[in-house]
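User: I would like to go through the terms used for this model one by one, and to see what each of them rests on.

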Amino acid sequence: MITDVVIAGGGPNGLMLACELSLAGVRPVVLERLPEASKEPKANGLLGQVVKMLDHRGLYERLSGSPEPPQPNSAYFMFGAMGLDLSLLEDSPIHALPVPQHRIARVLQERAVELGVEIRWSHEVVGLSQDDGAIAIDVTSPSGTYQLRARYLIGADGAHSTTRKLSRIEFPGITYDRMTVRSAHATVPADRVDPATGALNVPGYGAVLPFLPHRTEYGGFSYAPMPGHPPLVSTTEWDQPKTDTPMSLDELRASIRRVLGVDVPLGPPDGEGPHVLRRLTGGNTRVAERFSDGRVFLIGDAAHVYAATGGGPGLNLGLQDAVNLGWKLAAVIRGSAPPALLNSYETERWPAARRMILNAQAQSALIAPGGDVTALRELFTELLRDRSTVQRLAELVAGADVRYDMGEAAAHPLIGRFAPDMELHTPAGPVRLAELTRTARPLLIDLTEEASLAKTPALRHDQVDIVTARSQTSALTALLLRPDCRVAWASASPHPDPTEMEELRAALQRWFGATEPAHA
């Protein structure tokens, strides 16, 4: 028996891909080397485009605990430990979801199980070989070694990916060894926290706004009061002596004094763990030379890692890798799309990874020590008074500046970008566009007068759902969405002209195969 898809790695990225495949009718097998889900504190939340993506899959409410849709941050954010005044923007692209990674993994695991995904704990990929028809995967488990044959193997097994190494895919990049980051969950005296702004008042230094790192000539400091958890306090220093002693709160206190020049009283964390108490030295920024090799594909940290301060760029990017790849794999497996469709995974996601490298390296340069960096920051501070500069950096941080190449027909500025927020009025009642995408089906949203597109037989497609609606807040009259919620075609014409109609038919053909009559 040949399994359609085997996913190596049961972390958030692998589980997200498993959910996407299941929504498309493909049941993958997930192999995770750990005996159970990791509770190790890692990323502290999600940022940017991926938050909207989770909303489009109905997962945002599960993670946030609120039935309300995600709202953009219109106050402030950060870039290189400098504030971005988001109030300057008409439409902030920054969305944040402060949820620890182990909870994200748990919610995705629950969703995967609901969809019928098989997760094999304590099973690890140790070998593979490919032929024209399948890939043979050697697996170790508590009961011994066995072999799986699959049509595709996805490496979602982290920065030290065995899948990537077995596929002999190089992982070039830069290793940083000068930086030491110390982090701990800790308590601070209640009278040191401003109830209005949430800022930590540090006598002798000043106010430290939550989630906004501060940089001094001696290092960096941040204070992050995560909802439902003790505050996460962190420092960054350079050229610290190596030590083998376990990390402690006393070590963090001493680091804060060196960085800020004053003491910050820290107490042990309250509540149940797991709690962070760690020291990280160095880091890597790397992108795989390619994201696939025959029947093997890489997602998440297996494909790219980033030495960055805050924002969880690796997880933000990895979850979007999964959503990009899932529907394409399913379409090829079902036979509704040619194998060449899978080439677009690397074409679209590799530039996104490179863009995140630009983001991470630019921010690392801006927080480094030295008078020359201080001068650069002074100049940068002047530039950040300009709205267009804030807009560009906010879009970079959020990943909202990534536009997929949809070919020569991508005339409308929305084509290749993530679906806009839209309130629609359908025959069944009002609905948000995000609520229509939770089945992960392609959608043709027809806002034209008299639903002219829905009535055109040549546009009916068995792989595409057509929704007729009205919108009082959008100038758009039609929108074709891929399952990953990227716009494949759009129009603002009350009656799309012949050229636009031909572009629509071409987009349907390119992404969803030959047009066939839709099933009633």
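Analyst: One definition is needed at the outset: contact means heavy atoms within 4.5 Å. The model is a predicted one, and in it helix 6 (residues 249-260) lies across strand 11 (173-185), strand 14, strand 15, strand 16 and strand 17 (277-287), running at about 60° to strand 16.

User: What makes helix 1 and helix 4 roughly parallel to each other?

Analyst: Helix 1 (residues 12-23) and helix 4 (residues 101-114) pack at an angle of about 25°, with their axes 9 Å apart. Angles under 35 degrees count as roughly parallel, and helix 1 and helix 4 are therefore given that description. Their crossing is left-handed.

User: Which residues make up the contact of helix 1 with helix 4, and how do they divide into nonpolar, polar and charged?

Analyst: From helix 1, P12, L15, M16, C19 and L23 take part, and they meet Q101, I104, A105, L108, Q109, R111 and A112 of helix 4. The residues of this contact divide into 9 nonpolar, 2 polar and 1 charged.

User: Why is T163 called buried?

Analyst: Buried means under 20% relative accessible area, and T163 has a relative accessible area of 0%, so the term applies to T163. This residue is found in helix 5 (residues 162-166), and, leaving aside its neighbours within four places in sequence, T163 is in contact with A8, L128, L153, G155, D157, V296 and L298.

User: How do you know that strand 11 and strand 17 pair?

Analyst: Two strands pair if DSSP finds at least two bridges between them, and strand 11 and strand 17 are joined over 9 bridges in the antiparallel sense; within this pairing, T175 stands opposite N284 in strand 17. Strand 11 also pairs with strand 16, in the antiparallel sense and over 7 bridges, and there the bridge partner of V181 is T236 in strand 16. Strand 15 (residues 219-224) and strand 16 (residues 232-238) likewise pair in the antiparallel sense, over 5 bridges, with Y223 standing opposite V233 in strand 16.

User: In what order do the 6 strands form the open sheet, and what places strand 14 and strand 20 at the edges?

Analyst: The order is 14-15-16-11-17-20, and the pairing is antiparallel. Strand 14 (214-216) and strand 20 (304-305) each have a single partner strand, so one side of each is left without a neighbour in the sheet.

Notes: Residues numbered from 1 in each chain as written. Predicted model: local features only at pLDDT ≥ 70, side-chain atom pairs only at ≥ 80, totals over all residues. Heavy atoms only, no water. Axes fitted to C-alpha atoms, helices over the stretch in contact; angles between N-to-C directions. Helix = DSSP H or I, 4+ residues; strand = E, 2+ residues; numbered from the N terminus. Parallel < 35°, antiparallel > 145°, perpendicular 65-115°, else oblique. Left-handed = near helix turned anticlockwise from the far one by under 90°. Nonpolar A, V, L, I, M, F, W, Y, C, P; charged D, E, K, R; others polar. Buried < 20%, exposed > 50% of the residue type's maximum accessible area, 1.4 Å probe, protein only.
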